[in-house]
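Here is a short report on a single protein chain. It starts with individual residues and then moves to the whole fold.

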Amino acid sequence: MKDKRKVNLTEANLWGSKDSIDEAYEYANSILATEVQDGKMWSSNFVTALMIVWNTLATKYDIYPKDVDSE
């Protein structure tokens, strides 16, 4: 059996978070959809989308490595 130590995700203080991973995903998706619709590709918006999801995971969830060898 593999070690089940919690994965440590450090919150990035420059970005916020959402109340759930679903809400964070929808928010990130809306940012990226607007980028495509407007024909603009700003790397800062891609980073914002990623970091909102990251911070939501870091502050609202306990994450443990998945044991893929046992499947």
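## Arg5

Arg5 touches Tyr64 and Pro65, leaving out residues up to four places away in sequence; contact means heavy atoms within 4.5 Å. Arg5 sits in the segment before α1 (21-38). Its relative accessible area is 62%, so Arg5 is exposed. The classes are buried under 20% relative accessible area, exposed over 50% and partly exposed in between (1.4 Å probe, protein chains only). Arg5 and Asp19 are 14 residues apart in sequence, and their C-alpha atoms are 24 Å apart in space.

## Model and conventions

This is a predicted model: local features need pLDDT of at least 70, side-chain atom pairs count only at pLDDT 80 or more, and totals for chains, interfaces and linings use all residues. Residues are numbered from 1 along each chain as its sequence is written, and side-chain values use heavy atoms, with hydrogens and water left out.

## Asn55

Asn55 belongs to helix α2 (residues 43-60). Helices are DSSP runs (H or I, at least four residues), strands likewise (E, at least two), numbered from the N terminus. Asn55 is buried, because its relative accessible area is 0%.

Asn55 touches Glu11, Ala12, Trp15, Gly16 and Ser17, not counting residues up to four places away in sequence. With Ala12 there is a polar pair: a polar side-chain atom of Asn55 lies 2.8 Å from the backbone oxygen of Ala12. A polar contact is a pair of N or O atoms within 3.5 Å; within protein, one must be able to donate a hydrogen and the other to accept it, and residues adjacent in sequence count only if both atoms are side-chain atoms.

## Tyr61

Tyr61 lies in the segment after α2. It counts as partly exposed, at 32% relative accessibility. Apart from neighbours within four places in sequence, Tyr61 is in contact with Ser20, Ile21 and Thr56. A polar atom of the Tyr61 side chain lies 2.9 Å from the backbone nitrogen of Ile21. Tyr61 and Asn8 are 53 residues apart in sequence and 11 Å apart in space, C-alpha to C-alpha.

## Whole chain

The protein has 2 helices and 0 strands. Along the principal axes, the C-alpha atoms fill a box of roughly 50 × 30 × 20 Å.

Of the 71 residues, 17% count as buried. Among contacts with a separation of 6 or more, 80% come from residues 24 or more positions apart.
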